[in-house]
Structures are given as structure tokens and as C-alpha cells.
Amino acid sequence: MKIKKNTAKTILGGLSAGFVNGLLGSGGGMLAVPALERAGLPPRSAHSSSLAVILPLSAVSVFMYLNSGKVTLADALPYMPGGIIGALAGAWLMRRISPKLLRKIFGGFALWAGLRLLMRS
């Protein structure tokens, strides 16, 4: 699979994903997936490749939040076992569903998250 390279768009996409990930503590993947798809990756590859983008961004964000005292590992620890099991199940399922259904699930979660945030405002 060949990725189209446009340096300005690539830098802007990475900057945007990093900014959103750092600001919100997560969410950079919502920007990374469409950017990777526009770069020519098929949906499954864009979703899985976004994890390779988000992992280092999340690591930097975690370091910054831990360093500032905004969070402790003890706060996150109870969620880690379920999160790991969920990640394994999601990765297993992604290989078995159609790209069309994957886009619908992704869009549904994006809408749900957006509506949830708007309702809490």
C-alpha cells in the first residue's frame, strides 16, 4: 500500500492529532484516522496505523500529566485490565468486519462522544 506524501498536510495532521491528544488526554485518533485515509490508506490500515501515531503522543501526554500531578497511575490502574482485554477484542474484531461497518462504528462513537460532551456543557 502506497501512502501519498504531502509534507504540509502531514505536519498539520500530526500537529492537530498531538494537540487534541494533549489537550483532551485522548482523541488524537479521531483526527489521525481521516488523515491517514486521505493519505491513501484503506480504512483498516488507517485505524490500526493511527495507533502507531497515537501511542507516542499518548506517552508524551501521560508524562506531562503525571509530571504536573494532574493524575496518578493509581487513578488509571483499575481501568487497565479491562482496557487491555477490550483492546484485544477490538483488534480481533476489526480484522473480521467490513470497512463500511468499521466506518459506521467509528462515526457512531465520534457522534456519541461529541453529543455526550455537548450535553455536559
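The following questions and answers go through a predicted model of one protein chain.

Trainee: What box do the C-alpha atoms fill, and what percentage of the residues count as buried?
Mentor: Taken along the principal axes, the box is roughly 40 × 35 × 30 Å. The protein chain has 121 residues, and the part of them that counts as buried is 16%.

Trainee: What share of the accessible surface belongs to carbon and sulfur atoms?
Mentor: The accessible surface of the protein chain comes to about 9000 Å². The share of carbon and sulfur atoms in that surface is 72%.

Trainee: Which element gives the largest share of the nonpolar patch?
Mentor: The patch covers about 710 Å² and is made by Val62, Leu66, Val71, Leu73, Leu77, Met80, Ile84 and Leu88. Two elements give two or more residues to the patch, helix H3 (43-68) and helix H5 (80-94). The largest share is three residues, and the element that gives them is H5.

Trainee: Is Met80 buried, partly exposed or exposed?
Mentor: Met80 has its place in helix H5 and is one of the residues that make the nonpolar patch. Buried would need a relative accessible area under 20%, and exposed one over 50%. Met80 has 36% relative accessibility, so this residue counts as partly exposed.

Trainee: Within what arc do the buried residues of H2 fall?
Mentor: Helix H2 spans residues 28-38, and its buried residues are Gly28, Gly29, Ala32, Val33 and Leu36. Seen down the axis of H2, they line one face of the helix, because they fall within an arc of 125 degrees.

Trainee: Which helices are included in what covers the buried residues of H2?
Mentor: The cover is for Gly28, Gly29, Ala32, Val33 and Leu36. It includes helix H1 (7-24), H3 and helix H6 (99-120).

Trainee: Which residue with a positive phi follows H2?
Mentor: H2 ends at residue 38. The phi in question is near 110 degrees, and the residue is Gly40.

Trainee: Is Ser50 buried or exposed, and which residues does Ser50 touch?
Mentor: Ser50 is in helix H3. Its relative accessibility is 6%, so Ser50 counts as buried. Not counting residues up to four places away in sequence, Ser50 touches Ala32, Val33 and Leu36.

Trainee: Which residues is His47 in contact with, leaving aside its neighbours within four places in sequence?
Mentor: His47 is also found in helix H3. At 11% relative accessibility, His47 counts as buried. Its contacts are Val33, Glu37, Met94, Leu102 and Phe106.

Trainee: Which residues form the aromatic pair, and what is the angle between the planes?
Mentor: A search of the whole structure finds one aromatic pair. Its members are Phe109 and Trp112, 6.4 Å centre to centre. Planes over 60 degrees apart count as edge-to-face, and this pair is edge-to-face at 85 degrees.

Trainee: Where do Phe109 and Trp112 lie, and what is the relative accessible area of Phe109?
Mentor: Phe109 and Trp112 both lie in helix H6, three residues apart, about one turn of the helix. Phe109 is exposed, because its relative accessible area is 52%.

Notes
Residues numbered from 1 in each chain as written. Predicted model: local features only at pLDDT ≥ 70, side-chain atom pairs only at ≥ 80, totals over all residues. Heavy atoms only, no water. Buried < 20%, exposed > 50% of the residue type's maximum accessible area, 1.4 Å probe, protein only. Areas by Shrake-Rupley, 256 points an atom, 1.4 Å probe, with all protein chains shown as cover. Patch = residues over 30% accessible without salt bridge, like charges linked within 9 Å, V, L, I, M, F, W, Y side chains within 5 Å. Salt bridge = Lys/Arg side-chain N within 4 Å of Asp/Glu carboxyl O. Helix = DSSP H or I, 4+ residues; strand = E, 2+ residues; numbered from the N terminus. Arc of directions from axis to C-beta. Contact = heavy atoms within 4.5 Å. Phe/Tyr/Trp six-rings, centres within 6.5 Å; stacked < 30°, edge-to-face > 60°.
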